[in-house]
Amino acid sequence: MLEVIYLILMILFLFGITIFVHEWGHFIVARKCGLKVEAFAIGMGPSIWQKEIDDVTYKICIFPIGGYVSLPQLDPEGMNKIQGENGDNESTRLPEIDPWKKIAVALAGPLCNIIFALLIGIIVWLGDHPDNPAIIGKVDAGSKAFDAGIRAGDKIISINNNTVNSWYDAQVEALLSGSNSVPQITILRDQDKVIIKNIEINNPEKGIPLIDGISEAIPCIVGSVNKGSPAEIAGIQKDDIIKSFNKIIIHDWNHFTEIVQKYPNQSVPLTIQRNEDILIKLEIVPQFDKSLERAIIGIRLGGSTAMPWTLHGDPIKQIKNDSSAIFRLLKALITPTEAEHAAKGLGGPVAIFTMIWMALKMGIINALALIRFININLAILNLLPIPVLDGGHIMFSLYEGITKRKIPPKLISRLVNIFAVLLISAMIWLSIRDVERVVKLDSSKENKPKTEFNQKP
């Protein structure tokens, strides 16, 4: 119960600070530019707490799905319905604001999200950030993948000429392909590129392997060493990476487990990697355990789980990767052959909160990396030229600044309200679909046989 309470509070805090940073950007620049600020709110709808300070009403609202800064000179009549308020508007009694100041105010929110994401990126950069490259762990002999030329240890680097940096990227490209096969997969093998043509793929949303006959490589990282075990006697330590066993190159934990079974009570050479660069050669004698009916060396799987958003590298690289992923989705949404499949991959508030929940359970670095991604996502989406979003206000102000003609406030109001209703409707629809996905996922987990990833090889 305490863990659940902690996770809920952390979700509200992490998502709330993202909204706060965005709205604070609007707020502080609006004040500097001389705009009238009526309200600063975290959340949407009716307020559950509010306090007025210096003619500004600060609020926390009931629905934790966004926030707003009420600026009557920037949005003359349009936000009353979203704010859950009614009343006379005083914009006609306020002085005119230069359109370029309006643009500065609209840009300030997304800019603050980007700055905040960079700061988070520094923490992620300094923290534990595992890689998750699309490396193939095992290929079943006689499978279509094997016949096509795919081998264990191959690294997928592109699908249909779209760069792949992780298994998540590979699944996204497979999902967007919109067919049961992809024209071209490029893999890297011993520094050489190999092209695989027209291979059948599966829908990754069904929880089955991307390509029949292959499995994702699980890095062979030592999580713990049992006392008195063959591994301890050989000199293996926690966080060592198994690189070869009896001169066989090891790419995958399950592959390693299988090979160990072939050499019970035999002295076998073993190569490990320690402290990133140091390779150490050891000798080990796998011990046959009668109770388990298999050979063991007394270690358990270790390492951290890398999620799609846990990108490594410096903060700039992290931001570039986040942006690339978002623009890739936006591109897919306007590409006829990919739009339907891209739309199926969209998520709403429920999906966001679920992902933060998952990330927190995997560690604070995972959670911060996700919040960094959400900040970049919020910045980019808010800059789209859609009324009710910051990009819409920028579009209106650019028109006014270039043509020296004002757009009628009632027209802005109508456009903002129309798109506000569409946006809220979309969030409700996505939330309903997210709940259905969570229910289906829980159901599939209950029916799916459990796999022991911490088994001792």
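This note comments on a strand arrangement and on several aromatic contacts in a predicted model.

1. Residues are numbered from 1 along each chain as its sequence is written, and side-chain values use heavy atoms, with hydrogens and water left out. Because the model is predicted, local features need pLDDT of at least 70 and side-chain atom pairs count only at pLDDT 80 or more, whereas totals for chains, interfaces and linings use all residues.

2. Four strands form an open sheet in the order β5-β4-β6-β7 with antiparallel pairing, where strands are DSSP runs of E of at least two residues and helices are runs of H or I of at least four, and two strands pair if DSSP finds at least two bridges between them. Strands β5 (162-163) and β7 (192-200) stand at the edges, each with a single partner strand, so one side of each lacks a neighbour in the sheet. Strand β6 (residues 181-189) pairs with β7 over eight bridges in the antiparallel sense, and Ile187 has Val194 in β7 as its bridge partner.

3. Rings of Phe, Tyr and Trp (its six-membered ring) pair if their centres lie within 6.5 Å, and planes under 30 degrees apart count as stacked, over 60 as edge-to-face and the rest as tilted; by this rule there are eight aromatic pairs. Phe15 and Phe353 form an edge-to-face pair, at 5.2 Å centre to centre and 90° between the planes. This pair links Phe15 in helix α1 (residues 2-32) to Phe353 in helix α10 (residues 349-362), 338 residues apart.

4. Phe15 is buried, with a relative accessible area of 11%, where buried means under 20%, exposed over 50% and partly exposed in between (1.4 Å probe, protein chains only).

5. Phe20, Phe27, Phe40 and Tyr58 form one aromatic cluster.
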